[in-house]
Amino acid sequence: MKLRELLGYSDVTIQCHDNPDADSIGSGYALYVFFREKGKNTKLVYSGSSKLSKPNLTILVKELNIPLVYEENIKASGLLITVDCQYGAGNVSKAEADHVAIIDHHKQEIFDIPLTEIRDYLGSCSTLVWQMLEEEGFDVSGRRDVATALYYGLMCDTNNFAETKHPADRDMQEALPYDPILIRRLRNSNLTMTDLEIAGIALLRNSYNEAYRYTVIKTQPCDPNILGFISDLAIQVDSIDVCVVYNESQSGIKYSVRSCVREVMASELAEYISGELGSGGGHEDKAGGFISRTEFNRQYPGINTDEYLMSQLTKYFGSFRVIDYESFEPDMSSMERYREKLLINGYIKSTDVFGKGTPVIVRSLKCDMDDLVSDDDLYFIIDCTGEVSPITREKFERGYEAFDEPFELETQYFPHIRNKATGQNVNLRPYSRKCLLKNESYVYAKQLTETVKLFTKWDRDTYMHGKPGDYLIISEDDPSDIFVITKDMFDILYEK
Ligand SMILES: [Mn+2]
């Protein structure tokens, strides 16, 4: 759904979820400004049993003049848009409305509203609204109040950016010209005395598993920042390798994950914990997630959350095998030989984007590549999954045939390149052209029968994650080059 599809209504009501948080208010406000500028009669409202009282949110609303109104019974003429929540779900009072749209970043649980835009891979609804505004050519950088509201929305939903999930979250964080003085003030007023007490009480008890060295800590309902704070503290304990801190509300279970061992990436564990019940993600060491109450009750009626988390964690730790390329001795007799298909890739000369000698970061769906400097010798290859790898000009010319046609790719995130000196962030799409591998190459492969965490020679700190059914691959030219690839990608990239 595009915002321009919603411009046929002259009245637009934007509804935050009950007990609205900074993300709901921030994304709602940005939409409010957009529809106002389009000449619509616009309202920003919320409902529910309690009115806004948290000090940081009160300051946010007051300082940015956000016209957020509490209404006990919301009646929307024209169009109603629910932000950071889904019309009909448990965490938002059902308004009276003839036409409804949904803009949200939680797992989809309402399926009967055609006007819906949900990107559950994003860390905040603010990021989603920012993307939608950019798609409309709306210049957020010209509106400091909107920029600050969106920035604070992402900041609060990701524990001070520690748990951002997607490269687009980081793009927005870096791009918005927010007001640093207000953000500083908000950062220092987000807890109440009660929150402090809740943190203290939560620290008194934890459920510890000695075998796997993980702990689970429950807090009473409180500001989500507390979850990050407690887990940052707990992970410093010598006997704790992994911790999960959570609390429960009407709408679901919110949790933070921390890990200090290389065998467990917090982002992957956060995703594992939510499974099909919600969504989770973040970084290697810090991550978070959310489980929907409705989904949880449907699948685990009567199960206590602590019990669920402990059993998920124990199941998780018992579910994988660690392989390190250095000590791995593959059984070649169980592997078969495949040929790499000659597929169209994209390539870019770094100096086509920024002048020679510019320090750059290249960002793809999977990671940021830092410590690069644009140079006549530096090229990039983009494969059909949207992943980028640097290559020298000499290797490129030897290995690839280059074409002048543009390289097209359907992807959730096309790689970006960022000038470290100026902060300018450029989408690589218009710069990429087609190329083709010149020579055939072969690999040995076999399907995995168990979950595997593979440390490759390219990255000693983070593992590749393989599930049963995925493929373990060894390059014929270089047997120390071992990697894992999903079944779908394997079928695309290789043939017998
Ligand atoms: Mn949110």
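Modeller: Happy to. A polar contact of 2.9 Å links the side chains of Arg 119 and Glu 117. Keep in mind that this is a predicted model.

Biologist: What makes the pairing of Arg 119 and Glu 117 a polar contact?

Modeller: The cut-off for a pair of N or O atoms is 3.5 Å. At 2.9 Å, the side chains of Arg 119 and Glu 117 meet it.

Biologist: Why is Arg 119 called buried?

Modeller: Buried means under 20% relative accessible area, and Arg 119 has 9%, so the label buried applies to Arg 119. Arg 119 sits in the loop between β6 (116-118) and α3 (125-135). Beyond its neighbours within four places in sequence, Arg 119 is in contact with Asp 104, His 105, Leu 128, Gln 131, Met 132 and Glu 135.

Biologist: His 105 is also a donor of the manganese ion. How do you know which atoms coordinate the manganese ion?

Modeller: Donors are N, O and S atoms within 2.8 Å of the metal. Asp 23 (OD), Asp 84 (OD), His 105 (NE2) and Asp 157 (OD) lie at 2.1 to 2.4 Å, so they count as donors. Water is not among the atoms, so the site may look incomplete. Along the chain, the donors follow the spacing D-x60-D-x20-H-x51-D.

Biologist: Why do you say that Asp 23 and Asp 157 tie parts together?

Modeller: Asp 23 belongs to helix α1 (residues 22-37) and Asp 157 to helix α4 (residues 144-157), so the pair ties together parts that are 134 residues apart in sequence. With relative accessible areas of 0% for Asp 23 and 14% for Asp 157, each is buried, because the limit is under 20%.

Biologist: What makes β19 (388-392) and β20 (400-406) edge strands?

Modeller: The open sheet has 5 strands in the order β19-β18-β15-β23-β20, with antiparallel pairing. β19 and β20 each have a single partner strand, so one side of each is left without a neighbour in the sheet. From one strand to the next, the twist averages 35°.

Biologist: How do you know that β18 (residues 378-382) pairs with β19?

Modeller: Pairing takes at least two bridges, and 5 bridges join β18 to β19, so the two strands count as paired. Phe 380, for instance, has Pro 390 in β19 as its bridge partner.

Technical notes. Residues are numbered from 1 along each chain as its sequence is written. This is a predicted model: local features need pLDDT of at least 70, side-chain atom pairs count only at pLDDT 80 or more; totals for chains, interfaces and linings use all residues. Side-chain values use heavy atoms; hydrogens and water are left out. Helices (H or I, at least four residues) and strands (E, at least two) are DSSP runs, numbered from the N terminus. Buried means under 20% relative accessible area, exposed over 50%, partly exposed in between (1.4 Å probe, protein chains only). Contact means heavy atoms within 4.5 Å. A polar contact is a pair of N or O atoms within 3.5 Å; within protein, one must be able to donate a hydrogen and the other to accept it, and residues adjacent in sequence count only if both atoms are side-chain atoms. Donors are N, O and S atoms within 2.8 Å of the metal (3.2 Å for Na, K and Ca); water is not among the atoms, so sites may look incomplete. Axes are lines fitted to C-alpha atoms, for helices over the stretch in contact, and angles run from 0 to 180 degrees between N-to-C directions.
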